[in-house]
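Welcome! Please take a moment to look over the sequence and the 3D structure, then read the briefing below.

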Amino acid sequence: MADSLRWPNTQNNALAMPPRRSARADALLFRSAKCFFSRGTEQQRATWSHATTSFALFLAAAAHGFSWIYAHTGGDYLVLFGLGGGAVVLALAIDLAFALTMRKQ
């Protein structure tokens, strides 16, 4: 029974391998994590509270905006899919730009 609960062998499966990050990206990640975790418990709690509240507010605003767009386009999902696809492309462009600027530094 315990053998069936183990993680499958992913040594030869390229899709299961985690993406590699550069050493500079790791340094940036660890530096920001060190800065965050060195603040103390109360400051961490306040930071997470603000981050969670901001996320919830922007998510609610986006949901309201998308429902307004859906209602004013006569129930056309194509507009919503276009906006969603544009958001994905924008996120990819920002991610690639960030990766390129980190590589140059």
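This is a predicted model: local features need pLDDT of at least 70, side-chain atom pairs count only at pLDDT 80 or more; totals for chains, interfaces and linings use all residues.

Residues are numbered from 1 along each chain as its sequence is written, and side-chain values use heavy atoms, with hydrogens and water left out.

**Overall build**
- The chain has three helices and zero strands (DSSP runs numbered from the N terminus: helices are H or I, at least four residues; strands are E, at least two).
- Along the sequence, the pattern reads α-α-α.
- Of the 105 residues, 4% count as buried (under 20% relative accessible area; exposed is over 50%, partly exposed in between, with a 1.4 Å probe and protein chains only).

**A salt bridge**
- The count is one salt bridge (a side-chain nitrogen of Lys or Arg within 4 Å of a carboxyl oxygen of Asp or Glu).
- R45 and E42 form a salt bridge through their side chains, at 2.9 Å from N to O.
- Both residues sit in helix α2 (residues 41-72), three residues apart, about one turn of the helix.
- R45 and E42 are both exposed.

**A nonpolar patch**
- On the surface, F66, V79 and L83 form a nonpolar patch with about 220 Å² of accessible area together (patch residues have over 30% relative accessible area and no salt bridge; nonpolar side chains, meaning Val, Leu, Ile, Met, Phe, Trp and Tyr, are joined within 5 Å, and like charges within 9 Å).
- V79 belongs to helix α3 (residues 77-104).
- V79 is partly exposed, with a relative accessible area of 32%.

Notes
Accessible areas come from the Shrake-Rupley method with a 1.4 Å probe; for residues, only the protein chains shown count as cover.
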